[in-house]
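Here's a quick tour of a model you can follow along on screen.

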Amino acid sequence: MFQKVLIANRGEIACRIARTLRSMGVRSVAVCSEADRGALHARVADEARVIGPAEPRASYLNIEALIRAAKTSGAEAIHPGYGFLAENAAFAAAVEAAGLVFIGPTPDQVRAMGDKRAARAIAVEAGVPVVPGAEGRDAAALVTDAERLGFPVIVKAALGGGGKGMRIVEDRGALAEALESATRLAQSAFGDGAIYLEKRLERARHVEVQVAGDGHGRAVHLFERECSLQRRHQKVVEESPSAAVDEPLRERLTAAAVALAGSVRYRGLGTVEFLLAPDGGFYFLEMNTRLQVEHPVTEGVTGLDLVGWQLEIAAAGRLPSVPGRITRRGHAIEARVYAEDAARNFLPQAGRAVRVRWPEGPEMRVDTGIASGDDVPVHYDPILAKVIAVGPTRAEALERLARALDESVVHGLVTNLPFLRALVRAPAVQRGEVDTEWIEREFLAGFAAVATAPAPELALAAVAIGELLGVPKPPAPRAGARRPSVFATLGRWRHPGLA
Amino acid sequence: MRSRWRDGDRVREVEVVPEGGGRYRVTVDGIPFEVFAECLPDDRLRLTTAEAATIAELSATAARRFVRLGTLDFVLDRETSGRRREGRAHAGGLESPMPGVVTRVMVAAGDAVTKGQPLLALEAMKMEHLIRAPRDGRIRSIAARAGEMVNGGVPLVELEDPA
């Protein structure tokens, strides 16, 4: 195993990775931008290095600065987390060229899966069904293809993925303009104007399979996750198992994902994403070659530590040995806490989180990137934390999550906590009858109406009486790296029955 | 003591009169009621009315108050210059909805614009937000340049009626 690992990320995922490193006796090196000096992820690591200005390009996306920080700190390996450089083949290659270990797949695998057209070709080769689609640079041919597929279609950037750079086109009239603007956007956002078309599947669910490969052709799956609750094509609530997957379907889904990973001799942890149509057909969407944001729900049902798996595969070149078969039990469900105003078009928020409190309990886990008094800068992804609950059944896990969200407090900036509290109590969510557009189609307007209703008179009485009494006390100046036991703020994670 | 608080799209008026012994006569938007208030540690108040007893947890950043009653959270902004604010909105000022970086300025002073037309783009938290014209008009002035970092609530564009 490694002696020391550099975490090339920030926020909750950097804290999460540091926790496993600590549990395995590996020293951790955090990196931070100037805006993140004293941030929680820098405080929980064994050491922290400032690598550049707030601007991501100059810090968390700065390959040279990251490799220099790894070299000078004596780290042998780099964990990229998710986002930033996690799926950047040039970064993976630069890490290896510097004589360091990239904790993830090979640069070629990152590159192949990063080009969504190449990934579709790999899936077809492995016998995995893909969403009907078309590609090519000739706009006239694409118009003919779109007519063959039938409207609506989705125009996607080849180097996009994860909902970025995609656009739904309802009819032929809007297609030419959409193709042109998508090409232009893809060029500016991804440095390559290549686009492709996919048929839009109506009322589809998002189901994905967690896989792990040893890099020599052996691959296993760690069951599925359901991530249909999305806003603006970004996931907000994820769970395992999926309410829409029965055992025969699970066998077909996981077999397809394992076949795909095995066919490219996949190394490390990856996620094969599928769309599940209402008729039970499933179609490959893309493969994410990294640790997924929602990996805790898989940990919740399997009792495994997925970051530990990544480290073992990277250090030893084989999959960790699991006594007997990998099994799952119960249900796990996660909600992402974002700094955004859900009632006002999900407008991102920044500021100081003056009061932060997370729920505690044996069936609860919170992966957070902030504690009381921490700043949330404007420069980065607005995810603050993930609240995860487990239970013997879906209904019990969901009820625990609802209570955990009630007990979660973030004051100082507007968060989506009120949105999440309402969402997990919605009858359709309770029944598990949702698809990827359900939030926008059926939930959002009602939520916004409730959320923008007048505050109760007692809330106004409280702030006004508070003004008279000097409550709250004026905010204290920021204290930087000060709290002695930051692990006390990280919450607990324990598997029911494994405690 | 009288105070005004912005609650979403509306402004709420509150008057608090201490009556001694922790008792207060509170009037919210003209509706009076009695409250007994007791300070608890960690910026919390125990509030007792004729109907219920609740703990309110309060936090502050600048003029903003966060109040948690039971398991519900509310955000209220102290209005110190309510009248001026309304005046500015009438004059056609368009403010940045959040702190961020101005990525594109799509109009220039003197341009005629139509309702819904994108005027500038602001990027924050890895998302781009377009600021659009709320009505037809003419750009009087622009107070932002591409690449510039701005705070939330800062006037960016001044719009006047079409010539």
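Two strands count as paired if DSSP finds at least two bridges between them, and strands here are DSSP E runs of at least two residues, while helices are H or I runs of at least four, both numbered from the N terminus. This is a predicted model, where local features need pLDDT of at least 70, side-chain atom pairs count only at pLDDT 80 or more, and totals for chains, interfaces and linings use all residues. Residues are numbered from 1 along each chain as its sequence is written, with chains lettered from A and ligands numbered from 1 in the order written.

In chain A, β1 (residues 4-7) and β4 (residues 77-79) run parallel, joined by 3 bridges; Ile7(A) has His79(A) as its bridge partner in β4(A). Both strands belong to an open, parallel sheet of 5 strands, ordered β3-β2-β1-β4-β5 (chain A). β3 (47-52) and β5 (101-102) of chain A each have a single partner strand, so one side of each lacks a neighbour in the sheet.

Helix α1 (residues 11-23) of chain A lies across β1, β2 (27-33) and β4 of chain A, at about 165 degrees to β2(A). That angle is taken between N-to-C directions on a 0 to 180 degrees scale, with axes fitted to C-alpha atoms, for helices over the stretch in contact.

| Domain of chain A | Residues |
|---|---|
| domain 1 | 4-103 |
| domain 2 | 132-199 |
| domain 3 | 205-450 |

Over C-alpha atoms, the centres of domain 2 and domain 3 of chain A are 28 Å apart.

As for the partner chain, 40 residues of chain A contact 47 residues of chain B, contact meaning C-beta atoms, placed from the backbone, within 7 Å. On the chain A side, α16(A) gives the largest share, 13 residues.

Conventions. Domain bounds come from an automatic or database domain assignment. Two residues are in contact if their C-beta atoms, placed from the backbone, lie within 7 Å.
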